[in-house]
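Please read this briefing alongside the sequence and the structure, which are shown just below. The points are grouped by topic for someone who is new to them.

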Amino acid sequence: MNLNAQKGMTSIQTISEFEEIFNTYYARLCNYAYKLLLDHYRAEDAVQQVFSKLWEKRGEYNINTSIQSYLYKATYNMSINEIKRTQKFNALENEELVKLSDFDADVANNMNELETAIEKALSIIPEKCRAIFVMSRYEEMKYKDIAQNLGISIKTVENQMGKALKLMRMHLSEFISVVLILLMK
Amino acid sequence: METAKIVKYIVQEANATEVLEVETWIGESENNKVIFEALEKTWKTSKSLKPQSFDLAKGWERFKINNLEQKPKRFSFIHNYWRYAAAAIIAVGILFGVNYFQNDGHFNAVSFVNQSDSIQKIGLNDGSKISLLRGMLIQDKNWSENNRKVRLKGTAFFKVESNSNSQFTINAGMCQVVVLGTKFLVTANDSIVKVNLMEGKVAFKTPMEELLIEAGQAAIYNIQKNEISISENGMNDFSLIKKQLVFDNIKLADAIIDIEKYYGVKIKIENQKIGNQKINTKFENESLQNVLQILSITLGVEVKELDGYILILEQ
């Protein structure tokens, strides 16, 4: 199968074709989900569910829907649902909605202070805004592709990106100063 | 200047007009330059987050277990009660806003319900594999590498991935089964909680006492009587997992009990004389029809499928 990002969903017919898609996108989508959920296990669970749904409904989608668009949008939706579910339970338990201790402890141990701070800053950005920022920064997607993948306008992407970087700047200010000092040395 | 426009410039999405507009603005004052540099540094600094490592092979293995593996079909005849029991549990849960699994406040949306007559295979993200024979299995809401807890009502075979740093706990009724990594079968219903251990050791915590079960042993906690009994595993306790039934000089009347459980059917014997006949055979992944045919030929009996049950009678 000649797999490309714009390939239609109706082209998935066999397990080997599906496995090729899985191999191409699994780690990428897990990383995307991880930056939204900031939890290794939950990210994998979300992506596993995305692929389960894709497998169940293979061949049913309109040929105009690209695999990549579908997968990113589905991972986004799955992650947002997971965030809402967690917030609901955390709220019930009278806990803070987002906190650093939610991070995977082992992963946090292997990260340096800056990375931990970036994750903390990401966790504070509202979900939708965070999803857009993650696509742009870590998936290196163009604004028009983000808009297409999430089914929103390019103008929304522009505004959300402005908001995201502003929030990141506020929460990373300490580190940015350190980076500036290091750069100046 | 709108932040969105500055960011557009930084991420190289701005058109020629916007580039000129932003560059003019930066040159207008020292303050503008500081704002711009702070945003640009934030953009560059935020890239320092290294990608997480996700194991593709394990991910695909887990996907296959949960989605692609053929579920061995079990003979469906009359025992559909689990289907109704599972539906009833869900219905009661909806009605009262809580359910059996929520009583410790660790409810999780990641739940598996096997209402079918097939075995549902489940792959968890710690590498553990579960065959849910009947009933419901729910992962703890705080499930993580260091908090491996599930809740079971029904019957499931566990192949727990070994992790010396993190024990795996199964909450079953009022009991807990705690392991580090091994293979065992757990049955939890309103009357009993039973553990059949295939390999290794497990801790079986009951309201009465805590036991250490060894390989080959079976422990049963009787909820009503608040009693524990320990015995050797029965010849066919793992029959559904091994897909085999072994009868070593066993009375037909006793063998029928295992056959009923395995195929989910009800079998009646016409008289004690037939029931006392002994059988010595092994069925490997056989259909019920074949098993009945073999019994019929070797024991010289007749087998009839009647309304809701199978009758074995003299020829």
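Two rings of Phe, Tyr or Trp (for Trp, the six-membered ring) count as a pair if their centres lie within 6.5 Å, and the pair is called stacked when the planes are under 30 degrees apart, edge-to-face when they are over 60 and tilted for the rest. With that in mind, F18(A), F22(A), Y26(A), F51(A), W55(A), W60(B) and F63(B) form one aromatic cluster. This is a predicted model, in which local features need pLDDT of at least 70 and side-chain atom pairs count only at pLDDT 80 or more, while totals for chains, interfaces and linings use all residues. Residues are numbered from 1 along each chain as its sequence is written, chains are lettered from A and ligands numbered from 1 in the order in which they are written, and side-chain values use heavy atoms, with hydrogens and water left out.

**Aromatic pairs**

- Over all chains, the structure holds 20 aromatic pairs.
- In one of them, the ring centres of F18(A) and F63(B) are 5.1 Å apart and the planes lie at 20 degrees, so this pair is stacked.
- The pair crosses between chains, since F18(A) belongs to helix α1 (residues 15-37) of chain A and F63(B) to helix α4 (residues 56-68) of chain B; helices (H or I, at least four residues) and strands (E, at least two) are DSSP runs, numbered from the N terminus.
- Both F18(A) and F63(B) are buried, where buried means under 20% relative accessible area, exposed over 50% and partly exposed in between (1.4 Å probe, protein chains only).
- The rings of F157(B) and F238(B) have centres 6.0 Å apart and planes at 80 degrees, so they form an edge-to-face pair.
- Because F157(B) lies in strand β4 (residues 148-159) of chain B and F238(B) in the loop between β12 (227-232) and α6 (239-242) of chain B, the pair ties together parts that are 81 residues apart in sequence.
- F157(B) counts as buried, at 7% relative accessibility, and F238(B) counts as buried at 7%.

**Charges over rings**

- A charge sits over a ring if NZ of Lys or CZ of Arg is within 6 Å of the ring centre and within 35 degrees of the ring normal.
- The charged end of K35(A) is placed over the ring of Y138(A), 4.7 Å from its centre.
- R137(A) lies over the face of W43(B), at 3.8 Å from the ring centre.

**Helix packing in chain B**

- Helix α1 (residues 3-10) of chain B packs against helix α2 (residues 16-28) of chain B at an angle of about 110 degrees, with the axes 10 Å apart; axes are lines fitted to C-alpha atoms, for helices over the stretch in contact, and angles run from 0 to 180 degrees between N-to-C directions.
- That makes α1(B) roughly perpendicular to α2(B), given that angles of 65 to 115 degrees count as roughly perpendicular, under 35 as roughly parallel, over 145 as roughly antiparallel and the rest as oblique.
- On the α1(B) side, K5(B), I6(B), K8(B) and Y9(B) meet E18(B), V19(B), E21(B), V22(B), E23(B) and W25(B) of α2(B), where contact means heavy atoms within 4.5 Å.
- Helix α1(B) is largely enclosed by the rest of the structure, because 6 of its 8 residues are buried.
- The buried residues are T3(B), A4(B), I6(B), V7(B), K8(B) and I10(B).
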